[in-house]
Amino acid sequence: MKHLITLERIVDRNYWSQNFGLARTFLALCTLATLCSNPIETLFTEDTSNFYGTEFNLFYIFNDIGLSRLLACIVLIIIASGYFPRWTAIPHFWISSSFSSVSIAIEGGDQIVTIICLLILPVALFDKRRNHFIEREQKKSFYVQCIGFTMFFLIAIQVSFLYLL
């Protein structure tokens with residue numbers, strides 16, 4: 001029982017704060033800047049034979065990369081604005097993973113965005129706020145708090161490896 005009380009103290013934080021929202025906004029703006037500031041020919045290739053899973057990839061699903069890029073930019077603007085974090089978490093991961101898996105101009109930053117989007121996905125799915133910039137104290141269950149703690153701990157480990165290597 002004593003260990004459970006100690007664990008409750010460790011995980012008892014508000015993981016759904018404005019800082020979380022600001023981080024999601026920066027992640028969305030990174031991908032948005034890359035998509036908007038480069039021509040399509042620099043980012044993508046028409047030959048999809050070297051890529052696995054292009055039938056589920058956002059940038060090849062419509063058979064028009066320009067339309068897919070426009071759709072991704074619109075969704076990323078909505079994500080960066082902070083509205084409906086619960087509902088935009090999965091599209092955010094889908095856009096970032098689609099981009100990092102088929103772009104020919106990929107760099108390490110885009111891959112890190114994909115990894116962090118995957119790690120914040122469970123946290124964002126429990127975010128009931130209308131906008132992630134609104135600070136509202138929400139009492140979450142112990143298990144949801146554990147999920148938040150675990151995901152942010154894994155993000156801290158991931159980022160620490162970036163600076164070590």
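1. Helices (H or I, at least four residues) and strands (E, at least two) are DSSP runs, numbered from the N terminus. The protein chain has 8 helices and 0 strands.

2. This is a predicted model, where local features need pLDDT of at least 70, side-chain atom pairs count only at pLDDT 80 or more, and totals for chains, interfaces and linings use all residues. Residues are numbered from 1 along each chain as its sequence is written, and side-chain values use heavy atoms, with hydrogens and water left out.

3. Confidence next. The mean pLDDT (the predictor's confidence in each residue, from 0 to 100) of the protein chain is 85. A value of 70 or more is reached by 90% of its residues. Helix 1 (residues 2–11) has the lowest mean among the elements, 66. Helix 5 (residues 65–81) has the highest, 94.

4. The protein chain has 165 residues, and 39% count as buried (under 20% relative accessible area, 1.4 Å probe, protein chains only). Take the contacts (heavy atoms within 4.5 Å) with a separation of 6 or more: residues 24 or more positions apart account for 75% of them.

5. Now the lining of the largest pocket. Lining residues have an atom within 4 Å of a point on a 1 Å grid; a pocket is an open set of points where a 1.4 Å probe fits, with protein on both sides within 12 Å along at least five of seven lines. Helix 2 (18–37), helix 7 (108–125) and helix 8 (142–164) each supply at least two lining residues. Helix 2 gives the largest share, 5 residues. Among the lining residues are F20, I116 and F152.

Terms used:
Buried < 20%, exposed > 50% of the residue type's maximum accessible area, 1.4 Å probe, protein only.
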